[in-house]
Amino acid sequence: MFELTVNGVKHQVDVVPEMPLLWVLRDELGITSPKYGCGIAQCGACTVQIDGAAVRSCQARAADVAGKAITTIEAVGSGKLHPVQEAWIEHQVPQCGYCQTGQIIQAISLLKAIPRPTDRDIDDVMSGNLCRCGTYERIRIAIHAAAAKMGGK
């Protein structure tokens with residue numbers, strides 16, 4: 001039995017320690033925004049934040065994240081859209097939408113670490129989040145727009 005804090009809510013989960021966080025979120029807690037894409041941390045569709053850092057939930061073990069703050073897209077923005085989400089809409093980033101929760105979570109972590117990223121910074125950090133629709137240019141533009149909205153902070 002583990003206690004996981006997801007989006008500020010404590011949950012008791014009775015799972016094997018090795019169970020990937022992705023499956024705990026989806027199958028045990030009913031939080032389906034992190035998507036299964038590859039299962040080997042190569043696509044980023046399952047990205048969540050753990051203690052503020054972007055992490056691939058398909059490779060994070062339940063036992064390893066007990067006691068840490070887990071954040072999914074549902075908790076981003078504190079009841080309103082986060083500047084990254086606003087920029088995503090403004091610049092019409094999503095097409096199919098499958099990768100978008102992981103992309104947005106990764107972009108928020110990027111801007112926390114590098115408030116005024118260069119194109120190279122964006123490409124380096126976001127390269128682990130794949131978009132089958134190929135909206136990479138719009139993602140880059142939206143991240144720059146979000147950085148400007150956030151005042152480079």
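This is a predicted model: local features need pLDDT of at least 70, side-chain atom pairs count only at pLDDT 80 or more; totals for chains, interfaces and linings use all residues.
**Stop 1: the largest core.** Select V84, W88, M126 and I143. These residues have the most contacts inside the largest nonpolar core, which has 20 residues. Now colour α3 (83–90), α4 (100–113), α5 (119–126) and α6 (136–149), the elements that give two or more residues to this core. Keep V84 selected and show what surrounds it: V84 touches I104, A107, I108, L111 and A146, leaving aside residues up to four places away in sequence. Another core lies apart from this one; it has 16 residues, including V6, V15, L25 and V65. In soluble globular proteins, nonpolar side chains tend to be buried together.

**Stop 2: two helices.** The crossing of α4 past α6 is right-handed. To see where they meet, select Q103, A107, L110 and L111 in α4, then I139, I143, A146 and A147 in α6.

**Stop 3: the cysteines.** How many disulfides does a search of the whole structure find? It finds zero. Select C38 and C43: the sulfur of C43 is the nearest cysteine sulfur to C38, at 3.8 Å, and C38 is in no disulfide. A disulfide needs the two sulfur atoms within 2.5 Å. C38 is partly exposed, because its relative accessibility is 26%. Next select C58 and C46. C58 is also in no disulfide, and its nearest cysteine sulfur, that of C46, is 3.7 Å away. C58 is buried, because its relative accessible area is 9%.

Notes: Residues are numbered from 1 along each chain as its sequence is written. Side-chain values use heavy atoms; hydrogens and water are left out. A nonpolar core is a set of buried Ala, Val, Leu, Ile, Met, Phe, Trp, Tyr and Cys residues joined through side-chain atoms within 4.5 Å. Buried means under 20% relative accessible area, exposed over 50%, partly exposed in between (1.4 Å probe, protein chains only). Helices (H or I, at least four residues) and strands (E, at least two) are DSSP runs, numbered from the N terminus. Contact means heavy atoms within 4.5 Å. A crossing is left-handed if the near helix is turned anticlockwise from the far one by less than a right angle, and right-handed if clockwise.
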